[in-house]
Amino acid sequence: MVISLQKKLRACSAAVLALLGISSAALAQMPNDAIYMSKNTACLAVSYSHSSWDKYWENSLKRENFNIGTHTTQGVMPMLAVGITKNLNVIAAIPYIWTQASAGNLKWQRGFQDVSGWIKYRFVNVSGFSLHAIAGASLPSNNYVPDFLPMSIGIQCKTATGRLLASYRHKTGVYLTASGSYIFRSKIKIDRDAYQAGDRLYGTNEVVVPNAYDAAVRVGYLKKGIQAEGFMEHGACDGGDNIRRNDMPFPTNNMKSTIAGVYAKYQPKNIGVNARAAYVLDGRNVGQSTSFSLGVLYQFRYIGKSSEK
């Protein structure tokens, strides 16, 4: 019943993305890489993502659910990355998501999810080594249902994220990046007067969603419009409970996932394409999803001529 950002890039942690079946959008100039747009240039990208699972971890028990069958989440996300200076980029995105199940009678959900924005700043850049401070925030774009997991398209919380990323790129084009993030998440309101979390019954419609954190390592090659990398990502909630036996997931669950994947991009000039594939190796309170995404990119100058490379 359980299973995220890119996304992406969608705004919650990697664990939450895995819960919802949403892969992080695999685009250039993302909040989790060391690639920057030059001053006065921008990149408009659109990606399609697909994620599915038929097994999930109910707490630590890996199981199937024949009332769901295969759960599938798909999404389309436009994203814009803008170069303010060669060391400062701004990124904005909003995904449209739809969920479905191959069995049972759970109602499918669809709609725009959360609007997210990021600021990425490179504050050290010496001999191929660079350090990056990244800050992001997200807001729900509409009043979608957050507590109908795994069919919900999101969990309605506002988020604020702080990330530190370190990167080393050799002159041959080979690079290594490592990053870590902490995600603050707001309380949410649900359409019921009470709910159970852990062993306690709460007589309110206000739900405390646990904060989250993630970490990632990427090894790849980037030169002359060609990029290829392999990555490992781990995301988890900072606290929370587990899915009770034979129950549905809930926004208070402590979702954890470890993901392995590959990414490739080809962008010789203004127009480019990319692809990403990932698999959940291990987790708790998440689905064991296989995901992929495909994207197209268009880079352009938005004012004058860029003098910075």
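A residue counts as partly exposed when its relative accessible area lies between the buried limit of under 20% and the exposed limit of over 50%. Lys 187, at 47%, is therefore partly exposed. The model is predicted.

**Salt bridges**
- The count of salt bridges comes to 12.
- Lys 187 pairs with Glu 206, with 3.7 Å between the closest N and O atoms.
- This pair links distant parts of the chain, 19 residues apart: Lys 187 sits in the loop between strand 11 (174-185) and strand 12 (188-189), and Glu 206 in strand 15 (residues 206-207).
- Glu 206 is partly exposed, at 33% relative accessibility.
- Glu 58 forms a salt bridge with Arg 63 at 3.0 Å, N to O, and another with Arg 245, where the closest N and O atoms are 2.7 Å apart.
- Arg 245, in contrast, is exposed, at 55% relative accessibility.

**Surroundings of Glu 233**
- Glu 233 belongs to strand 17 (residues 226-237) and is buried, with a relative accessible area of 9%.
- Its side chain makes polar contacts with the side chains of Arg 218, at 2.7 Å, and Arg 276, at 3.3 Å.
- A network of salt bridges links Glu 233 with Arg 218, Glu 229 and Arg 276.
- Beyond its neighbours within four places in sequence, Glu 233 has contacts that include Asn 32, Ala 215, Ser 257 and Ile 259.

**Nonpolar cores**
- The largest nonpolar core has 13 residues, of which Met 79, Ala 81 and Ile 91 touch the most other members.
- Strand 1 (41-53), strand 4 (71-85) and strand 5 (88-93) each supply at least two residues of this core.
- Strand 4 gives the largest share, three residues.
- A second, separate core holds 10 residues, among them Leu 149, Ile 155, Cys 157 and Val 209.

**Nonpolar surface patch**
- Val 46, Val 76, Val 174, Tyr 221, Ile 226, Tyr 266, Val 273 and Val 296 make a nonpolar surface patch of about 650 Å².
- Val 273, a member of this patch, is found in strand 19 (residues 271-284).
- Its relative accessible area is 44%, so Val 273 is partly exposed and clears the patch cut-off of over 30%.

Conventions. Residues numbered from 1 in each chain as written. Predicted model: local features only at pLDDT ≥ 70, side-chain atom pairs only at ≥ 80, totals over all residues. Heavy atoms only, no water. Patch = residues over 30% accessible without salt bridge, like charges linked within 9 Å, V, L, I, M, F, W, Y side chains within 5 Å. Areas by Shrake-Rupley, 256 points an atom, 1.4 Å probe, with all protein chains shown as cover. Salt bridge = Lys/Arg side-chain N within 4 Å of Asp/Glu carboxyl O. Helix = DSSP H or I, 4+ residues; strand = E, 2+ residues; numbered from the N terminus. Buried < 20%, exposed > 50% of the residue type's maximum accessible area, 1.4 Å probe, protein only. Core = buried A, V, L, I, M, F, W, Y, C linked by side-chain atoms within 4.5 Å. Polar contact = N/O pair within 3.5 Å; in protein donor to acceptor, adjacent residues only side chain to side chain. Contact = heavy atoms within 4.5 Å.
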